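Here are some notes for a colleague who is opening this structure for the first time.

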Amino acid sequence: MLWREDRPMRIALLGCGTVGGGVYEFVQERTDMEIAYVLSRRPRPELNCPVTSDFSRIVSDPTVDTAIEVMGGRQPAYEYMCAALRAGKNVVTANKQLMSERYGELVQLARENHVALRCSAAVGGGIRWLTNLESTLDMEPVLRVSGIMNGTTNYILDTMTTSGLKFEDALRQAQALGYAEVDPTEDLNGADARRKLVISTNVAFGCVVQEPEVTTFGIAGIRACDIGAARKMHRVVKLMASARLDSGDVACYLEPAMMPQGMHEAAVPENFNLISITGMHIGKQSFYGQGAGRFPTAYNVMQDCLDIRNGLTRFYTDKLRPARVDNSSIMRPYYVRVNGMDRWLQTRIDKMLDCGIITTPVAVSEIHAWARERKLTETGGFLASLR
């Protein structure tokens, strides 16, 4: 939906928590946008706009041209986004869970109803990652996307490395500072970063990969001895997302990696993110910034609204090619710490290192399958590739 230049963009704000509150504050400072409604289950007398718990009131109002979904979760966010798109309203969302799980469906729905769908805040928080990826695609093919996509885990790993804290103490510190949730499971097991990787992969390669196919190992099993082993090799442990085209399929996975100290990724501090594009001609370009937070994320939401107001109606890519995930061609040595040796691991030992071993080069798909079968994380083990 477009609007006359003589009136502001009228926004329905679906959710007014941490990010939604930031969006509300930004809009109050502008004359080219206004909050038409805030959807809330409770009264919000502090807000200077209509507040309703009835979504049908919003979706049936023809003066509302844009819905901003910052509720999170699957339902009712999915129902509301679909209804808004079908009603001819632009949708801006920060919901990485829905954009990962329902990517093809939502993009197609926006296309069929000739409205804009933007989700820049779903990946990278305040980093203009998806829009930079979009700009690169306008110029040349993207060969690879990679990087640090979760600020919570990066803060924990950075604190363990620089301050010598144990995992449990670093996690408690992250929670005290607001960098980690009370239940940090989705950060620690890699689910949060995997969703961002799926969205990035789909945009970069014009495809649709299914989230369950993207093998993922998080950092829940890391211990101080693993940090020490990396230091002995002049490396730093980071949780790395990686995706590249591979003979028509897509190699796409998330895992801890021991990065050489001279690499940019190794130097990313605290809760920051660093996400990179490798283009056919431009080579590698990296984008750095806050990966989450009230105003960094709200900033990306507002940038999406400005893009739409300035006439941008397309998604980041117009391609929705189904793609299979295949990580069998990626070969790397790994650092592995496990309780009890087995035949598979015994035949792949290159050398011993403190409490773990370094393997000979193995396929990502092979070692991930082995680690899942061994329930490596659940039994207190840990693995990290050597980049």
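1. The lining of the largest pocket comprises 14 nonpolar, 21 polar and 13 charged residues. In these classes Ala, Val, Leu, Ile, Met, Phe, Trp, Tyr, Cys and Pro are nonpolar, Asp, Glu, Lys and Arg are charged, and the others, Gly among them, are polar. The volume of the largest pocket is about 1400 Å³. Of its 48 lining residues, Val 19, Met 71, Gly 72, Lys 96 and Glu 181 are the closest to its centre. Two or more lining residues come from each of helix H1 (18-28), helix H4 (96-101), H7, helix H9 (185-188), helix H10 (191-205) and helix H12 (294-309).

2. On sources and terms: this is a predicted model, in which local features need pLDDT of at least 70 and side-chain atom pairs count only at pLDDT 80 or more, while totals for chains, interfaces and linings use all residues. Residues are numbered from 1 along each chain as its sequence is written, and side-chain values use heavy atoms, with hydrogens and water left out. On a 1 Å grid over the protein atoms alone, a cavity is a set of points where a 1.4 Å probe fits but cannot get out, and a pocket is an open set with protein on both sides within 12 Å along at least five of seven lines; lining residues have an atom within 4 Å of a point. Grid points are joined across faces, edges and corners, and a volume is the space filled by probe spheres set on the points. Helices (H or I, at least four residues) and strands (E, at least two) are DSSP runs, numbered from the N terminus.

3. The second largest pocket holds about 430 Å³ of space. Its lining has 22 residues, and Phe 315, Tyr 316, Thr 317, Asp 318 and Lys 319 lie nearest its centre. At least two lining residues are supplied by each of helix H5 (103-112), helix H6 (129-139) and H10. By class, this lining has twelve nonpolar, four polar and six charged residues.

4. How many cavities of 30 Å³ or more does a search of the whole structure find? There is one, and the volume of the largest cavity is about 50 Å³. Its lining includes Phe 217, Ile 219, Pro 256, Leu 376 and Phe 382. Seven of the lining residues are nonpolar, four are polar and none is charged.

5. H1 and H12 also pack against each other: their axes come within 8 Å and cross at roughly 60°. Axes here are lines fitted to C-alpha atoms, for helices over the stretch in contact, and angles run from 0 to 180 degrees between N-to-C directions. H1 and H12 are therefore oblique to each other (under 35 degrees is roughly parallel, over 145 roughly antiparallel, 65 to 115 roughly perpendicular, and the rest oblique). The crossing of H1 past H12 is right-handed; a crossing is left-handed if the near helix is turned anticlockwise from the far one by less than a right angle, and right-handed if clockwise. Contact means heavy atoms within 4.5 Å, and residues that meet include Val 19, Val 23 and Phe 26 in H1 and Phe 295, Tyr 299 and Met 302 in H12. This contact has nine nonpolar, four polar and two charged residues.

6. Helix H7 (residues 151-163) and helix H8 (residues 167-176) have axes that come within 9 Å and cross at roughly 125°. H7 and H8 are therefore oblique to each other, and H7 passes H8 in a right-handed crossing. Among the residues making the contact are Tyr 155 and Met 160 of H7 and Phe 167 and Leu 171 of H8. The contact has seven nonpolar, two polar and no charged residues.

7. The axes of H3 and H5 come within 9 Å and cross at roughly 20°, which makes H3 roughly parallel to H5. H3 passes H5 in a left-handed crossing. Tyr 78, Met 81, Cys 82, Leu 85 and Arg 86 of H3 make the contact with Glu 105, Leu 106, Leu 109 and Ala 110 of H5. By class, seven of these residues are nonpolar, none is polar and two are charged.

8. Two backbone details remain. Most residues other than glycine have a negative phi, and most peptide bonds are trans. The peptide bond from Gln 75 to Pro 76 is cis, with omega near 5°, and Pro 76 sits in the loop between strand S4 (66-69) and helix H3 (77-86). Glu 270, although not a glycine, has a positive phi of about 45°; Glu 270 is in the loop between strand S11 (249-260) and strand S12 (272-279).
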